[in-house]
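Good morning, and thank you for coming.

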Amino acid sequence: MSFAARLETELEQFKKDGVYKRLNYLEAPQAARTVMEGRGEVVILSSNNYLGLCNVPEVVAAGKAGLDSFGAGTGSVRFICGTFTVHRELEAALARLVGCESSLTYVSCWNANEGLCPTLLGEQDIVISDQLNHASIIDAIRLAKTITKCQTAVYKHSDLADLEAQLRAAQNRRLKLIFTDGIFSMEGDIARLPELLELGRKYDAVVAVDDSHATGVLGKTGRGTAEHFGVLGEVPIITSTLGKALGGAAGGFTAGPAALADYLTQRSRPQLFSNALPPTVAASALAAVRHVEAHPQLVTRLHQNARYFREQLLSLGFKPLAGETPIVPVILGETAKAIHMSELLLAEGVFVTGFGYPVVPQGHARVRCQLSAAHTRDDLDFALRAFKKVGSQLGLIS
């Protein structure tokens, strides 16, 4: 069997298993409503555009101005060819936003996570990861284990007793790194950050938080999980993204003490061997940060929308997972059922994604709704009417 034929056979199996992913093409900006090729106008309930900044005029204009001022890109890695002043401005703004001394940008948060673990960890060290952490953290840890021969461990999701037992067993390790998501993207729940920090102090461990789904989302002014719990400035390491609430384009960053950004600049391979963020992205992300700082009411509106949508789903007879974030998963059990429901909802003009194994555990397939501050009450009510119709068709509600 040829290489291409083998791939085609596996792709056909994906389709039979109901896990084949089809791309939907948009003909307009990411927003509360957009235009989908072949579908017309749809309400978006599947985007990380939590604050609606993807097409805010100031953010778009800043990206255009960045392109005019600095051109398309650096042409090489930053320490070789020079870095643009807009990158320095952005990194200072990001550090200020998340309550850290400094930050360093990457082309994605995936790169930021992969740049962190193999750089900091060696044979004498251990990283202990939450069971439900994002794939980028998992792969970063796998990479570190392969390259540096560090020790790794996984604790049961948000189970602090299990984490403490593993910390106790690892007391002889030089660096003990606890790595967790801030908001867990598939469940919508929040890490128990104050207790994690307390365990870090007790066992001389460093806590790292991937705040990708929390930056711009949690806390009164959108400064993330630390602000949500009143511990802003106390988290040793924060990684996050520019591709969700902060404009939705691309890019990521690592924030922490000034020495961390400097050390990563010297040693982090994704930093040393990749071009810097395109200036248009750096400039639009900087404008997004400033917009969040100037408009904290967006965060309030986001959570009002999330509460309303969750409450209305409950009143219809659905059983979304409890939570206080704009991620509202509706558990359906079977992968095929989740995919089918998402297809029926799209036919009704609501774009929301169904997820099954291996993205989520067997038997926990779901439709994951993600709310935005840009959604109007009319948008949400339109989506709820579609949920009611489709839920009745599938026998999920009476």
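Two strands are said to pair if DSSP finds at least two bridges between them. Please keep in mind that what you see is a predicted model.

With that criterion, consider strand E2, residues 40-44, and strand E11, residues 350-351. The two run parallel and are joined by 2 bridges.

E1 and E2 form a hairpin, with 3 residues between them. Within the turn, Gly38 has a positive phi of about 80 degrees.

I turn now to helix H14. This helix covers residues 335-347, 13 residues in number, and reaches 19 Å from its first C-alpha to its last, close to the 18 Å expected at 1.5 Å a residue.

Which residues of H14 are buried? They are Thr335, Ala338, Met341, Ser342, Leu345 and Leu346. Viewed down the axis of H14, the buried residues fall within an arc of 135 degrees, and therefore they line one face of the helix. On the face turned away from that buried side, H14 carries the exposed residues Ala336 and Ala347.

Finally, just after H14, Gly349 adopts a positive phi of about 95 degrees. From there we return to E11, residues 350-351, and its parallel partner E2.

Key
Residues numbered from 1 in each chain as written. Predicted model: local features only at pLDDT ≥ 70, side-chain atom pairs only at ≥ 80, totals over all residues. Heavy atoms only, no water. Helix = DSSP H or I, 4+ residues; strand = E, 2+ residues; numbered from the N terminus. Expected span 1.5 Å × (residues − 1). Buried < 20%, exposed > 50% of the residue type's maximum accessible area, 1.4 Å probe, protein only. Arc of directions from axis to C-beta.
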